[in-house]
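Have the coordinates open while you read.

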Amino acid sequence: MGILPSNKNGGSNKRPMFGMYWMYILIVACLIGLYYFQDSSQTKSVDWTEFEDAAKAGEISKIEVVPESGIAIGVLTKEGAKKQNMHDDVQGVDAEKRLKTNIPSTNKIQDKIDAWNEQLASEGKPELTVKYEKGSDLMKFFWYFGPFILIAFFIFYMQKRMSGGGSGGGGIFSVGKSKARIFDKNNGTDVTFKDVAGLAEAKVEIEEIVEFLKNPQRYTELGAKIPRGALLVGPPGTGKTLLAKAVAGEAGVPFLSLSGSDFVEMFVGVGAARVRDLFKQAKDKAPCIVFIDEIDAVGRARGKNPNMGSNDERENTLNQMLTEMDGFGSNNGVIVLAATNRADMLDKALLRPGRFDRQIYVDLPELSDRVEIFNVHLRRIKTNSHLDVEQLARQTQGFSGADIANVCNEAALIAARNNKQAVDWDDFMAAIDRIVGGLEKRSRVITDDEKFAIATHEAGHATISWMTEFGNPLVKVTIVPRGRALGAAWYAPEARQIIPTQALLDTMCGMLAGRAAEEVFLGKIGTGASDDLEKTTKLARSMVMVYGMSDKLPNVNYNDSTGQDYGFTKPYSEETAKLIDDEVIRLINEQYERAKSILREYAAQHNQIRDLLVKKEVIYNEDVKAILGPRKWKSRTDEIIEINKKEEENRKGIELKKPDSEDDSDPGTPPPFNKTNNEQ
């Protein structure tokens, strides 16, 4: 985004590097030159008669003649300087004393000097030495007026920079200028909607905005108004900025792109000035699109931090943005796109219709979306022909588009590191492990007792997740240290829109299974379950305080999703706080006892998994299935895939049965539902 495009002839568009440092160097060089080459002598202007008398009296030792200027300069001897009352205390003891005069006739000056030398020779005095110099009026002009010209040029250059016209567009007074990058037909992005995989619903709304700008009459003829703005909301890495790049590549109208932090500056009033300049540029280029990435940098709710100091500057910037987007001024033909992953922090006035008419949610990709995203990123990667992309998508539940791009790149790096000709399944699995768990640390020294304890812990997780209804399907278990973890178990989380209470309890039971296995089979517990306990406590507290799933505090939510209502106060009393703590402890203890009960029931199978882990260090789904048998409950992901296949088959069947005639109505279709039919 920060690279200047090359010109049509293939050359680069680099500008000459003439900055302020060069100006400073030039000024210093001139000062040094004036210091070393300045004339340190004393010069006294006299008329020709006085100059001639001094020459005849032998008070001048040498004469410098400049015929072009009609000037003669005589260097005085010490006796001559005393007679002219020129003392050394003015310029120093080494300073020359000179007499300067205008020559009456430049053609006869040499005759005059010859006559003076004859007279001096007859009196036994030293003769005059003569030196003729070429003078120039132009050089004389620059010698006297050069510093003033240089200073005037320096002032002009500084004013040019301060007004934003200098090199780089920087300067003191240019801070009020917008920093937006402009994309148009000649300088656009190479990203199109074809490069944006998944996000079907979001793409429909974004494509409609592009259509508004391309064919506005189609909508305005019916009295519709073009939307003022659209806000892209979603977790990091889901493709919000990528969608904006696709708009820039597809719109065919000027596209101004900048970040919310570009409005923030140390000077007062700069943010509002940049907002005004941004919308002025947009109006001049209308129809156009303005994209503000990470708008929460300037769009946070006003007046919500009274104890954190003054926020006047940020609020002034936001107020100016509100006015520009929907104020008395007209912004016809200007559509504002913005992106944020913190929509709950934005000011309500910014989100109202008329400013951001649409909020487009860009969520984490579903299974089918992940398949499309993998196919996009695998275009540039040489993969094995037998690679199962759908299975890859199932293994990356909860991954964002950026995570999937990282998986593909990491897999290619791993394959290249192992000197492979193509990227295969094992490379992708290693990449997922590397991203989720970190790099393997086989050099870490682990004793046999520690290894046995880690295997017991991880086997407990695997057993409980397999034997509970809502436990996530197991992918693999390892006791090889990765990152900060001594062991890990990988699961394929089920995609659920609504999570029932039992699913949360099963998840909690699975997280406590490692600690429970240590107590049941080792008779002692260790510090390896700290991360599991942290996640379990957070989940239990959410069940009580957020989801209202407590027996003693049902249907109550003490969470502030906006982070703005409660501040530093609690929305409940001390008695309720104690009740919340009691309920959290009760939920955790119940699931801990449940985990121990299941492990005692399947102790033999757990020990087999543990021993296999100690032997192989890494076991997979098939190994656990061979020991524990098939799961009693069907995977939700498999159910979704079957539903999608049936719907696809039904659609194909309807298309085949559809008649070729223009009348597509089915005579066997019952009449529309109404009161009479209902009574029948």
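This is a predicted model: local features need pLDDT of at least 70, side-chain atom pairs count only at pLDDT 80 or more; totals for chains, interfaces and linings use all residues.

Strand β12 (residues 474-478) runs antiparallel to β14, and three bridges join the two; strands here are DSSP runs of E with at least two residues, helices are runs of H or I with at least four, and both are numbered from the N terminus. Residues are numbered from 1 along each chain as its sequence is written, and side-chain values use heavy atoms, with hydrogens and water left out.

The sheet is open and has three strands in the order β13-β12-β14, with antiparallel pairing (two strands pair if DSSP finds at least two bridges between them). Because β13 and β14 stand at the edges with a single partner strand each, one side of each has no neighbour in the sheet. From one strand to the next, the twist averages 10°.

Helix α21 packs on this sheet, touching β12 and β14, and its direction makes about 125° with that of β14. Contact means heavy atoms within 4.5 Å; angles run from 0 to 180 degrees between N-to-C directions, with axes fitted to C-alpha atoms, for helices over the stretch in contact.

α21 also packs against α22, at about 150° with the axes 9 Å apart. Who meets whom?

| Helix | Residues | Contact residues |
|---|---|---|
| α21 | residues 603-616 | Q605, Q608, I609, L612, K616 |
| α22 | residues 621-628 | D623, V624, I627, L628 |
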